[in-house]
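User: I'm new to this one and would like to get my bearings. Could you walk me through it step by step?
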Amino acid sequence: MCDLVARTGRHQQRYEDGRRLVAGCIPFRYRTSNDETSDDESKKIVEVLMINSQSGPGLLFPKGGWENDETVEQAAAREAVEEAGVRGDIVQFLGFYDFKSKTHQDACCPEGMCRAAVFALHVKEELDSWPEQSTRRRTWLTVSEATSQCRYQWMQEALLTGFSDWHDNWSKGGGCGDVNRNSL
């Protein structure tokens with residue numbers, strides 16, 4: 001049984017310029033691979049965590065509404081716990097991604113337009129139980145596997161142009177591990 005409870009409802013939902021504001025993250029970890037063809041004893045492989053969609057095929061990253069009583073970083077971290085059952089450190093803002101929701105149209109956003117703020121979340125803990133575990137399955141994938149299984153184009157873009165570009169630069173020592181608040 002999970003002691004955590006997922007937030008529901010839209011009474012605290014943020015909107016801007018006719019779009020629902022959403023926060024999400026690309027959870028990641030490192031797996032050690034013993035590659036016999038490599039001179040290195042072990043090589044670290046980055047993996048990203050995806051969850052199943054409740055409304056169809058394909059996988060997605062945790063995301064959901066950004067509410068009035070929390071920062072965008074808190075909303076992204078909350079969604080990671082609620083939907084994927086992971087906790088960690090938000091290490092980088094990856095960008096804003098606009099999309100049209102087919103299921104979340106309301107009086108404040110009749111067209112269903114959304115703007116997602118997406119972050120890289122370095123996973124430190126996988127929970128044994130979490131609020132949406134009865135309807136969500138989590139899967140660790142390489143970036144190339146995740147790209148091919150990603151349900152939405154905007155999430156593929158966040159993975160390839162946001163996460164991968166940032167991670168490649170960061171892992172070579174060219175980036176910083178703090179959230180770039182000037183971009184928000």
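Predicted model: local features only at pLDDT ≥ 70, side-chain atom pairs only at ≥ 80, totals over all residues.

User: OK, and which residues touch the most other members of the largest nonpolar core?

Analyst: Those are Ile26, Val48 and Phe163, in a core of 46 residues. Strand S7, residues 113-126, gives the most to this core, with eight residues. A nonpolar core here is a set of buried Ala, Val, Leu, Ile, Met, Phe, Trp, Tyr and Cys residues joined through side-chain atoms within 4.5 Å, and buried means under 20% relative accessible area, with a 1.4 Å probe and protein chains only.

User: Switching topic, which elements does the protein have, from the N terminus on?

Analyst: They run β-β-β-β-β-α-β-β-β-α-α, and the count is three helices and eight strands. Helices (H or I, at least four residues) and strands (E, at least two) are DSSP runs, numbered from the N terminus.

User: Where does Ser164 lie, and does it count as buried or exposed?

Analyst: Ser164 lies in helix H3, and it counts as buried because its relative accessibility is 13%. Leaving aside its neighbours within four places in sequence, Ser164 is in contact with Val143 and Leu159.

User: How much of the whole protein is buried?

Analyst: Of its 184 residues, 46% count as buried.

User: Last topic, how many cavities of 30 Å³ or more are there, and what lines the largest cavity?

Analyst: The structure holds one such cavity, and about 40 Å³ of space lies in the largest cavity. A cavity is a set of points on a 1 Å grid over the protein atoms alone where a 1.4 Å probe fits but cannot get out, and lining residues have an atom within 4 Å of a point; the volume is the space filled by probe spheres set on the points, which are joined across faces, edges and corners. The lining includes Gly24, Ile26, Phe61, Lys63 and Trp154, and strand S2 (19-33) and helix H3 (153-171) each supply at least two of its residues.

Technical notes: Residues numbered from 1 in each chain as written. Heavy atoms only, no water. 1 Å grid on protein atoms, 1.4 Å probe; cavity = no way out; pocket = protein on both sides within 12 Å on 5 of 7 lines; lining within 4 Å. Buried < 20%, exposed > 50% of the residue type's maximum accessible area, 1.4 Å probe, protein only. Contact = heavy atoms within 4.5 Å.
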